[in-house]
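Student: I am new to this structure. Please show me how to read its features one at a time.

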Amino acid sequence: MSTPTPSPTAGPAGRDVAPVLVRGAALLGGAPTDLLLEGGLVARTGPGGTLEAPAGAEVLDGAGLVALPGLVDLHTHLREPGREDAETVRTGSRAAALGGYTAVHAMANTDPVADTAGVVEQVWRLGREVGLVDVHPVGAVTVGLGGERLAELGAMASSAARVRVFSDDGRCVADPVLMRRALEYVRSVDGVVAQHAQDPRLTEGAQMHEGVVSSVLGLRGWPAVAEEAVIARDVLLADHVGSRLHVCHLSTAGSVEVVRWAKARGVDVTAEVTPHHLLLTDELVRGYDPVYKVNPPLRTRADVEALREAVADGTVDVVATDHAPHPVEDKDCEWAAAAMGMTGLETALSVVQEALVETGLLGWADVARVMSQAPARIGRLGHQGRPLEVGEPANLVLVDPAARRVVDPARHATQGRNSPFRGLELPGAVVATVLRGRPTVVGGALVGDPDEDGRPG
Ligand SMILES: NC(=O)N[C@@H](CC(=O)O)C(=O)O
């Protein structure tokens, strides 16, 4: 048994919460197991139906449910500070808990940009105040995401927020010299640069994937090579300077090939794919509905198949949401004017079940690997993504794999209504989420989440 690293965001949940007995949930999809959670930790485990509930314990019936470690998102846009009309740390945290997450990485493209210790500490503190998930701010690589000067990476790393993931996401760190310096710099704090791989010159004015559909629609295309060329450059740079690189939202079959080649060569690179790139294709753009407008764009069926295979064979390490909520007025407009981005926190697990579990590509233990363990390891979160064993932090999600539901964004906790899965029937439902021994979601609904007026949720 290893000792978990103390959590930098160990909030109010923990020692002072009542014990919880999870009864008979299939651990990682395996045998029914009882889990007694006490003092924020897994205190005891046993075969299903063998553990007694201590006095005052809350009992969660796990019959028919799968228990996984709490999900960790490596790529969430929470919009606060600056675009609280799109999302806040509170509304995004609610969506995350309902989606089965116990930690999220909040991207830096806020206003002001999270490029100083002050801004990352503000976001981190807001996350603690809400207390539904651990909010780990991502620090910008360059000042103002401007791509010209390195931001205060060291100050953000040594701040209370303990930033380990740095990204200009939404923009690419296009300058190779800056990218090289950033890679060299993060090494000293055991950090990682998460690159949004998009050559800006090859994608000027691009509106969708460059291919048959873009030619038919007459929309400016976004060639696959604009992503693949940057990934190829960056894995070579990371190799050259001996640093850790993470590639955000891989979207093409060619990107998979480049990452596979780099891993075979021993480059310290990890990669993520989004749920939408595992399920949807550019054919959907034919209706000009901006709900399908996203960066990187939806690609072809062949790309979707390659991405699924890449998750199955470990070339892609992580499924990350790229949850990007936008106000209705920024999405309900003509295609060319619409903002790019899709919500994802409340549907990610269901999409992964649909695209990867029901297709036989992943088992539940693999889902735990790509949605919890690997993202926690990449973000250096010692207290998340841990096995559900005695002495480990009690972060977990209970999923009902037999449930089916039609996605209705109006019922989502995120402020964003821009779900590309709306109207689709998807498998699986999050029944309960537990953060450090305290249930945040029970029966598919939030518990103990005070609203803006302080009333219990
Ligand atoms: N993924 C998206 O389509 N949008 C992201 C940033 C981005 O453009 O990557 C957002 O912040 O809205």
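Tutor: Start with His196, which sits in the loop between strand S10 (192–195) and strand S11 (208–209). Helices (H or I, at least four residues) and strands (E, at least two) are DSSP runs, numbered from the N terminus. Residues are numbered from 1 along each chain as its sequence is written. This is a predicted model: local features need pLDDT of at least 70, side-chain atom pairs count only at pLDDT 80 or more, and totals for chains, interfaces and linings use all residues.

Student: Is His196 buried or exposed?

Tutor: A residue is buried if 20 or more other C-beta atoms lie within 10 Å of its own, exposed if 12 or fewer, and partly exposed in between; C-beta atoms are placed from the backbone. His196 counts as buried because it has 25 C-beta neighbours inside 10 Å.

Student: Which residues is His196 in contact with, leaving aside its neighbours within four places in sequence?

Tutor: Two residues are in contact if their C-beta atoms, placed from the backbone, lie within 7 Å. Leaving aside neighbours within four places in sequence, the contacts of His196 are Ser167, Asp168, Asp169, Gly170, Arg171, Cys172 and Cys248.

Student: Which residues does the UniProt annotation "binding site" that includes His196 cover?

Tutor: UniProt positions are given in the numbering used here, feature names are shortened, and annotations may be inferred rather than shown by experiment. In the unreviewed UniProt entry, this annotation covers Asp169, His196 and His249. They are spread over 81 residues of sequence but cluster in space, with a largest C-alpha distance of 9.9 Å.

Student: Where is His249?

Tutor: His249 lies in the loop between strand S13 (245–247) and helix H7 (253–265). With 24 C-beta neighbours inside 10 Å, His249 is therefore buried. Not counting residues up to four places away in sequence, His249 touches Glu272, Val273, Thr274, His277, Pro296 and Asp322.

Student: Which residues does the other "binding site" annotation cover?

Tutor: According to the unreviewed UniProt entry, that annotation covers His77, Leu78, Arg79, Asn109, Asn295 and His326. Take His77, found in the loop between strand S6 (71–76) and helix H1 (89–98). His77 is buried, because 28 other C-beta atoms lie within 10 Å. Arg79 has its place in the loop between S6 and H1, and Arg79 counts as buried with 27 C-beta neighbours inside 10 Å.

Student: Which residues are around the ligand?

Tutor: A residue is near a molecule or strand if its C-beta atom, placed from the backbone, lies within 6 Å of it. Around the ligand are His77, Asn109, Asp169, Gly170, His196, Val294, Asn295, Asp322, Ala324, Met340 and Gly341. Ala, Val, Leu, Ile, Met, Phe, Trp, Tyr, Cys and Pro count as nonpolar, Asp, Glu, Lys and Arg as charged, and the others, Gly among them, as polar. On that scheme the shell divides into three nonpolar, six polar and two charged residues.

Student: What span should helix H12 have?

Tutor: The expected span of a helix is 1.5 Å times one less than its number of residues. The 15 residues of H12 (residues 364–378) should span 21 Å, and the end C-alpha atoms are 20 Å apart, which agrees.

Student: Where does H12 bend?

Tutor: The bend at a residue is the angle between axes fitted to the seven residues ending there and the seven starting there. H12 bends by about 35 degrees at Val370. Eleven of the 15 residues of H12 are buried, so H12 is largely enclosed by the rest of the structure. Just after H12, Arg380 takes a positive phi of about 60 degrees.
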